[in-house]
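Let's walk through this fold together, one piece at a time. Have the viewer open and follow along.

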Amino acid sequence: MVHDAHGWWIAEAGPPPPLPPLRADVDADVVVIGGGFTGLWAAWHVVESDPDARVVVLDADRCGFGPSGRNGGFVQTLTLSRARLRERFGLRAADELVAASEATVRAIGDWCQGEGVDAWYHSAPHLVVYAAPAQEGKFADAVDGESVRALSGAEVRARCDSELFSGGVEAVVGATVHPARLAFGLRERLLARGVAIHERSRVRALDGAVARTEDGARVRAGAAIVAVGSAVGALPPLRDRLTVASSHIVLTEPVPDVVEALWWTGGEAISDGRTLLHYLRTTPDGRILFGWAGGRMAAGARPHGRMEVDPEVIARAREDLVRFFPALRDRRVERAWGGPIDVSPTHLPVVTTLPGARAHAAFGYTGNGVGPSHLAGRALADLALGRDDGAASLVIVGPPPQRVPPEPLRIAGAAAIRRALVAKEAAEQDGRHPNPVARALAALPAKMGMHIVR
């Protein structure tokens, strides 16, 4: 098994040659800091709305090499959170956000088709399955018979025949993509539209809308968009707005015989009902991708080291893969990798304007960023162009801040809760009663009105 920080997706896609870093000062209408999905979609929406806009994208490494290019490739909506959204924002605002999240899933597919980008976009429902008795009933409050449907055990196993699955729910609107192909396709199409992209151009300072790289070159812009994922916590105004966790993936060799024997031929994206969820999908060449969001917590905005490759978490994911699908016991796992997740305390992405009103940021996707990043990119583009309608009017834009404890309490508390969740959910999967202390600690975030990963 190859442990690879960049993941299989990037290698399979064949990354394009790097673009030169910014070497001299330039002027722009909009500077975008970060070349992941949020930043690239924001740049795209800016030039779609204003073809004459001068847009510069700066990335610290290479576009699509971060979490955007190596996640599970689930293009999900916010539909499963409808009940909680209505409770938080009211009926109309919540339903507008859910409708926008469903429209954005379709819009990504339309974009791939219209732009001729082969990102393996495949429209298919998202299934949340119950893989242990304690998970039963998860998202039952989202079932409406139309956008979300309840599934019996037999109905779930007709889609993916794991003996663990006792039922679940189906979010009708969903899709999967090859994340690196999508990111590289966006990069290519932006270059064709005249957007200046500079890679290996780490931004060290942002003064209003003037971005300065570590080499001293500046972009003097009218507006700035900050789209740097979990690293956004390095900005003082956002330091206490998120925590950073990690998620890891194992990927099998091609196993089309196993996929066929499981009847898993519809391309459905699947996750289980855990808080530290498992997520799984197939690829067009018959591989099974299996991820676990149970990785370690990171201190501050330093998502490296075991955030990227954690052998202990990878080994656990490999064990759980075989527990879900015993037929894979003697089949090879070819690749394993991980990456950071920017976890919002509300489990919702946030789009906000930084002090000074010339810079705007998005963060907090909590592991569900491929679809919502397109929506957040629209909102960021609207704000950068001085508009307050459209996506900029959604309730994820400028919400009242919900804060997390400061360091070092944050990392200590988050790590303790993570250990409690791992212990609690391991006991539940084995049919044991969780330790009372672990159960109490695991329940603490909900009592504080916060959400961990799920």
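**A walk across the sheet**

Keep in mind as you look that the model is predicted.

On to the next partner of S8. Strand S6, residues 126-129, also pairs with S8 in the antiparallel sense, here over four bridges. In this case Val 128 is the residue standing opposite Val 169 of S8.

Is S8 itself mostly covered or mostly open? Strand S8, residues 167-171, is mostly covered, with five of its five residues buried. Gly 167, Val 169 and Ala 171 point one way from the strand, while Gly 168 and Glu 170 point the other way, and all are buried.

Now zoom out. These strands belong to an open sheet of nine strands with mixed pairing, and its order reads S1-S18-S14-S17-S16-S15-S6-S8-S7. Strand S1 (2-3) and strand S7 (148-152) stand at the edges; each has a single partner strand, so one side of each lacks a neighbour in the sheet.

Further along that order, strand S14 (residues 243-252) and strand S18 (residues 333-343) run antiparallel, joined by 10 bridges. To find your bearings there, look for Ile 249, whose bridge partner in S18 is Trp 337.

Helix H8 (residues 311-324) lies across S1, S14, S15 (269-272), S16 (278-282), S17 (288-292) and S18, and runs at about 125° to S17.

Technical notes:
Residues are numbered from 1 along each chain as its sequence is written. This is a predicted model: local features need pLDDT of at least 70, side-chain atom pairs count only at pLDDT 80 or more; totals for chains, interfaces and linings use all residues. Side-chain values use heavy atoms; hydrogens and water are left out. Two strands pair if DSSP finds at least two bridges between them. Helices (H or I, at least four residues) and strands (E, at least two) are DSSP runs, numbered from the N terminus. Contact means heavy atoms within 4.5 Å. Axes are lines fitted to C-alpha atoms, for helices over the stretch in contact, and angles run from 0 to 180 degrees between N-to-C directions. Buried means under 20% relative accessible area, exposed over 50%, partly exposed in between (1.4 Å probe, protein chains only).
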